[in-house]
Amino acid sequence: MDLRQFLMCLSLCTAFALSKPTEKKDRVHHEPQLSDKVHNDAQSFDYDHDAFLGAEEAKTFDQLTPEESKERLGMIVDKIDVDKDGFVTEGELKSWIKHAQKKYIYDNVENQWHEFDMNQDGLISWDEYRNVTYGTYLDDPDPDDGFNYKQMMVRDERRFKMADKDGDLIATKEEFTAFLHPEEYDYMKDIVVQETMEDIDKNADGFIDLEEYIGDMYSHDGNADEPEWVKTEREQFVEFRDKNRDGKMDKEETKDWILPSDYDHAEAEARHLVYESDQNKDGRLTKEEIVDKYDLFVGSQATDFGEALVRHDEF
């Protein structure tokens, strides 16, 4: 990926900038399904396997015996039990499931990490990121590709500071993941909304009006007739996006649009796993209770748990 593509990814606008005028652009961030399998425990636990370890990991579960599966499942339980109190709660299970489902995100961060960690100290400072990303471009006040790199750098710095929880301008791997994928972190959602509004709010009045909303998705480009989906979006704006009917979307209305409160599949699955495995009904799981129900979690097979444990070291 070249610098131009990478920068546009960071500013969350690649897909929008490269779309054809008649293609609908989608800025809405939805939680993905945990599995494409049917969730019916009477037939199989395939859905639960996908949810617990991720669909790609579940595909390799045919390598181990039940005994090996139980042993390695016990190792994973130790990772899920973040506070090391000997119990796995719904919250800990939910966090594990969300982490397992976002393997592609962590892979993306891993692929970029060594490019930016110049001194190989296991951290990425703002200076490292800025120098690698913008170093050779900031000296050119009029780049050939027309991008304002200084303006993009200011925007990246603002996001970097938001991701950097302790304010030392040095990102851990988790903070750098939040920087690259802010839509995945609750504490980064305000910056996602702010950047989206800045992209769409052409008159810079702090709101998104109907024409700005439509203009972000569709360019007339000399065509008088709008596609049917554009007319539908106009109706959506009036009926649902602009909740207070003042003709424009403010920050909260924009947040409701691009970051809807979807059904929390990970929370529902965590609750299901606890309900099915909690033998003494105390609302939490011991390692023994989980391993006893290993068929629900991993079946009689398992994946390369060594890789899984490394990927989940952030826990």
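Guide: A polar contact is a pair of N or O atoms within 3.5 Å; within protein, one must be able to donate a hydrogen and the other to accept it, and residues adjacent in sequence count only if both atoms are side-chain atoms. The model is predicted: local features need pLDDT of at least 70, side-chain atom pairs count only at pLDDT 80 or more, and totals for chains, interfaces and linings use all residues. Residues are numbered from 1 along each chain as its sequence is written, and side-chain values use heavy atoms, with hydrogens and water left out.

Visitor: What makes the pair Q112 and N108 a polar contact?
Guide: Their side chains are joined at 3.2 Å, and the limit is 3.5 Å.

Visitor: Where is Q112, and why is Q112 called buried?
Guide: Q112 belongs to helix 7, residues 103-116. Helices (H or I, at least four residues) and strands (E, at least two) are DSSP runs, numbered from the N terminus. The relative accessible area of Q112 is 12%. Buried means under 20%, exposed over 50%, and partly exposed in between (1.4 Å probe, protein chains only), so Q112 is buried.

Visitor: How many helices and strands are there, and what share of the residues is buried?
Guide: The protein chain has 18 helices and 4 strands. Of its 315 residues, 43% count as buried.

Visitor: Why are helix 7 and helix 10 called roughly perpendicular?
Guide: The axes of helix 7 and helix 10 (residues 173-180) come within 10 Å and cross at roughly 110°. Axes are lines fitted to C-alpha atoms, for helices over the stretch in contact, and angles run from 0 to 180 degrees between N-to-C directions. Under 35 degrees counts as roughly parallel, over 145 as roughly antiparallel, 65 to 115 as roughly perpendicular and the rest as oblique. The value for helix 7 and helix 10 is roughly 110°, so helix 7 is roughly perpendicular to helix 10.

Visitor: Which residues of helix 7 and helix 10 meet?
Guide: From helix 7 they are I105, Y106, N108, V109, E110, Q112, W113 and F116, and from helix 10 K173, E174, F176, T177 and L180. Contact means heavy atoms within 4.5 Å. By class, this contact of helix 7 with helix 10 has 7 nonpolar, 3 polar and 3 charged residues. Ala, Val, Leu, Ile, Met, Phe, Trp, Tyr, Cys and Pro count as nonpolar, Asp, Glu, Lys and Arg as charged, and the others, Gly among them, as polar.

Visitor: How do you know that the buried residues of helix 14 line one face?
Guide: In helix 14 (residues 251-258), E253, T254, W257 and I258 are buried. Seen down the helix axis, these buried residues fall within an arc of 120°, so they line one face of helix 14. The arc is that of the directions from the helix axis to the C-beta atoms.

Visitor: What covers the buried residues of helix 14?
Guide: The cover includes helix 11 (189-200), strand 3 (208-209), helix 12 (210-217), helix 13 (228-241) and strand 4 (248-249).

Visitor: What makes D250 a cap of helix 14?
Guide: A side-chain oxygen of D250 lies 3.2 Å from the backbone nitrogen of E252, at the N-terminal end of helix 14.

Visitor: Why are helix 11 and helix 14 called roughly perpendicular?
Guide: Their axes come within 10 Å and cross at roughly 100°. That value falls in the perpendicular range, so helix 11 and helix 14 are roughly perpendicular to each other. K189, D190, V192, V193, T196, M197 and I200 in helix 11 meet K251, T254, K255, W257 and I258 in helix 14. The residues of this contact of helix 11 with helix 14 divide into 6 nonpolar, 2 polar and 4 charged.

Visitor: Is I208 buried or exposed, and what does I208 touch?
Guide: I208 is in strand 3. Its relative accessibility is 0%, so I208 counts as buried. Not counting residues up to four places away in sequence, I208 touches M197, I200, Y213, F237, K248, M249 and T254.

Visitor: Why is E235 called exposed?
Guide: E235, in helix 13, has a relative accessibility of 52%, so E235 passes the exposed cut-off.

Visitor: What is said of the phi of Q120 and of L169?
Guide: Q120 has a positive phi of about 55° although it is not a glycine; L169 has one of about 60°, and L169 is not a glycine either. Q120 sits in the loop between helix 7 and strand 1 (124-125) and is exposed, at 69%. L169 sits in the loop between helix 9 (149-163) and strand 2 (170-171). At 32% relative accessibility, L169 counts as partly exposed.
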